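Please look through the sequence and the model below before reading on. The explanation then takes up a helix, the core and a pocket in turn.

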Amino acid sequence: MIPIPAFFAEYQRPVDAELQRLVPDSGEAVQRSMAYTVLAPSKRVRPVLALLTAELCGGKVDRALPIAAAMELVHASSLILDDLPSMDDAPLRRGRPANHREFGEAIAILAAFALLNLAFATIAESCSPDLSGPIVTLLAEAVGTEGLVGGQAADLLATDKQIDFEMLERIHRGKTGALFVAAASAGALSAGARPDAVASLAAYAKNLGLAFQIVDDLLDVEGDPAQTGKAVRGDARKTTFVSFSGVSGARQLARELCDTADRALVPFGRRADRLRELSAFVAGRSL
């Protein structure tokens, strides 16, 4: 398994500090439930992606940091909802009991919506009006019926059914890939990137996000809960990239998607090497 890139730490530290500021682990049950998921140990792939694309396009980490944190708030919200008994009914997340097992289902649902609301408020309060509008729109589309929510709904409706590869890809481009695209695009927008640069980075993130999901499917089959931080073999009732293509086929597809992602970085030259390291890490997580 390829280790997480060494440079991640320099981006994780400011992201963690910003998340601790936004979601202190104190107060009433909903606040503590929010912090329980947001502040749990995590690689912070999505916010790091946002910071990397901001820097690549000439921006500053400080300016992009609230946007990056907002991406993690949305991701944390989705994890709480995914794990609910009415959805995936997952017992573990990030090495600890799932949020609803710790705080109860009602509080977990409220915490998820509070995190989502906080993400939009963070962008609105931290960005200039000319920037907050496009990024809020971008994030809303990533969360909505053509993105995360739509992907999750399609995934639930596909339980115990055979689906074709086109539907499988559509599910996960929404459920997982949409937030990757939003993170990369928002980071670039925060730096005032040109439309062609934003489009190239969105293409990179689109393929990276799908590869990330394929590797998650591999880890669900082959992983160790002590390493993955969540229960394995939880997708036995669903069509996954592994059940569709087999272990070797899924690994190959993840590598091909990461290669395709890297080709979108050609216009940036060597300046995009850290994004290439990120895609190598994603491709190698299952090895």
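The paragraphs that follow lead through these parts one after another. The model is a predicted one, and the features described here should be read with that in mind.

Serine 190 lies in helix α9, and after α9 comes glycine 192, whose phi is positive, near 70°. Serine 190 counts as buried because its relative accessible area is 3%, which falls under the 20% cut-off. Leaving out residues up to four places away in sequence, serine 190 touches Ala54, Arg63, Ala64, Ile67 and Leu131.

In soluble globular proteins, nonpolar side chains tend to be buried together. Here the largest nonpolar core has 91 residues, and among those with the most contacts inside it are Tyr204 and Leu278. Helix α10, residues 195-222, gives the largest share of this core, with 13 residues. Apart from its neighbours within four places in sequence, leucine 278 is in contact with Phe8, Val45, Leu49, Leu52, Tyr204 and Leu208.

Finally, the second largest pocket has a volume of about 220 Å³. Its lining is made up of 13 residues, of which Ser78, Leu81, Val143, Leu148 and Val149 are the closest to the pocket's centre. Helices α4, α6 and α8 each supply at least two residues of this lining, and the largest share, five residues, comes from α4.

Key. Residues numbered from 1 in each chain as written. Predicted model: local features only at pLDDT ≥ 70, side-chain atom pairs only at ≥ 80, totals over all residues. Heavy atoms only, no water. Helix = DSSP H or I, 4+ residues; strand = E, 2+ residues; numbered from the N terminus. Buried < 20%, exposed > 50% of the residue type's maximum accessible area, 1.4 Å probe, protein only. Contact = heavy atoms within 4.5 Å. Core = buried A, V, L, I, M, F, W, Y, C linked by side-chain atoms within 4.5 Å. 1 Å grid on protein atoms, 1.4 Å probe; cavity = no way out; pocket = protein on both sides within 12 Å on 5 of 7 lines; lining within 4 Å. Points joined across faces, edges and corners; volume = space filled by probe spheres on them.
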